[in-house]
Amino acid sequence: MDDHKTPRERLVIFDWNVNCRGPKVLDHVSAFAPDVITLQEVTLANADAYREEFARMGFQAFCYSGRPKEPDKRYGNVIASRWPLKQDASTSDGPLWPQLIAEATVLTPFGPVEVITAHIPNGSGNGWWALFRNPDQLV
């Protein structure tokens, strides 16, 4: 496995919708030696446990988009990185559920990399219109 303290010739990003499962799922990720991990549907109850597990795995930066005061969608997305993160501006004026989008810039040795992870609920239970406050945004 590569030493993540020295630059490599590639950046490895691992993405997973964990579907409200706890951080034990990360046991399956280390074999891929990712530099950045994005997760969707991380519950508010599990967010701190994920943060702790990422720290144990050597990820120095963590951002979580979950919003405890939101009545719907009691989960959010995670961006974890072996390098520092600069959390980008909130998407509060866009989607109906801004907690389902996490944005950050990863400050890699190769230069900054913008990362966006989104959990888009399927249309069967939510209706495509529900993703946006203004249905005209679909056009």
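**Reading a sheet, its cores and its rings**

Visitor: Which residue stands opposite threonine 43?

Guide: Threonine 43 faces tyrosine 75, which belongs to β4. Keep in mind that this is a predicted model.

Visitor: How many bridges join strand β2 to strand β4, and how do the two run?

Guide: There are six bridges between β2 (residues 36–43) and β4 (residues 75–81). These two strands run antiparallel.

Visitor: In what order do the four strands of the open sheet come?

Guide: The order is β1-β2-β4-β3, and the pairing is mixed. β1 (13–17) and β3 (61–64) stand at the edges. Each has a single partner strand, so one side of each has no neighbour in the sheet. On average, neighbouring strands here are turned by 15° against each other, ignoring direction.

Visitor: What is the pattern of the protein chain along the sequence?

Guide: The pattern is β-β-α-β-β-β-β-β-α. That comes to two helices and seven strands.

Visitor: Which strands does helix α1 lie across?

Guide: Helix α1 (residues 47–56) lies across β2, β3 and β4. Its direction is at about 160° to β2.

Visitor: Which residues have the most contacts inside the largest nonpolar core?

Guide: They are Ile37, Leu39, Tyr50, Phe54 and Val78, in a core of 17 residues. β2, α1, β3 and β4 each supply at least two of its residues.

Visitor: What does tyrosine 50 touch, leaving out residues up to four places away in sequence?

Guide: Tyrosine 50 touches Val18, Arg21, Gly22, Pro23, Val25, Leu26, Leu39, Val42 and Phe62. Tyr50 is also part of a ring cluster, linked by ring pairs with Phe54, Phe59 and Phe62.

Visitor: How many aromatic pairs does a search of the whole structure find?

Guide: The search finds six. Check two things for each pair: the distance between centres and the angle between planes. Take phenylalanine 14 and phenylalanine 32. Their rings are 5.2 Å apart, centre to centre, with 45° between the planes, and the pair is tilted. Phenylalanine 14 sits in strand β1 and phenylalanine 32 in the loop between β1 and β2, so the pair ties together parts 18 residues apart in sequence.

Visitor: Why is the pair of phenylalanine 54 and phenylalanine 59 called edge-to-face?

Guide: Look at the angle. Planes over 60 degrees apart count as edge-to-face. The planes of phenylalanine 54 and phenylalanine 59 are at 70°, so the pair is edge-to-face. Their ring centres are 5.5 Å apart. Both phenylalanine 54 and phenylalanine 59 are buried.

Visitor: What lies over the face of phenylalanine 59?

Guide: Arginine 82 does, at 4.2 Å from the ring centre.

Visitor: Is glutamate 53 buried or exposed?

Guide: Compare a relative accessible area with the cut-off. Buried means under 20%. Glutamate 53 has 16% relative accessibility, so this residue counts as buried. Glutamate 53 is in helix α1. Leaving out residues up to four places away in sequence, glutamate 53 touches Pro23, Leu26 and Asp27. Phenylalanine 14 is buried too, with a relative accessible area of 17%.

Visitor: What share of the protein chain do buried residues make up?

Guide: They make up 46% of the 139 residues. Contacts also give a figure for the whole chain. Take those between residues at least 6 apart in sequence: 52% of them join residues at least 24 apart.

Definitions and conventions: Residues are numbered from 1 along each chain as its sequence is written. This is a predicted model: local features need pLDDT of at least 70, side-chain atom pairs count only at pLDDT 80 or more; totals for chains, interfaces and linings use all residues. Side-chain values use heavy atoms; hydrogens and water are left out. Two strands pair if DSSP finds at least two bridges between them. Axes are lines fitted to C-alpha atoms, for helices over the stretch in contact, and angles run from 0 to 180 degrees between N-to-C directions. Contact means heavy atoms within 4.5 Å. A nonpolar core is a set of buried Ala, Val, Leu, Ile, Met, Phe, Trp, Tyr and Cys residues joined through side-chain atoms within 4.5 Å. Buried means under 20% relative accessible area, exposed over 50%, partly exposed in between (1.4 Å probe, protein chains only). Rings of Phe, Tyr and Trp (its six-membered ring) pair if their centres lie within 6.5 Å; planes under 30 degrees apart count as stacked, over 60 as edge-to-face and the rest as tilted. A charge sits over a ring if NZ of Lys or CZ of Arg is within 6 Å of the ring centre and within 35 degrees of the ring normal.
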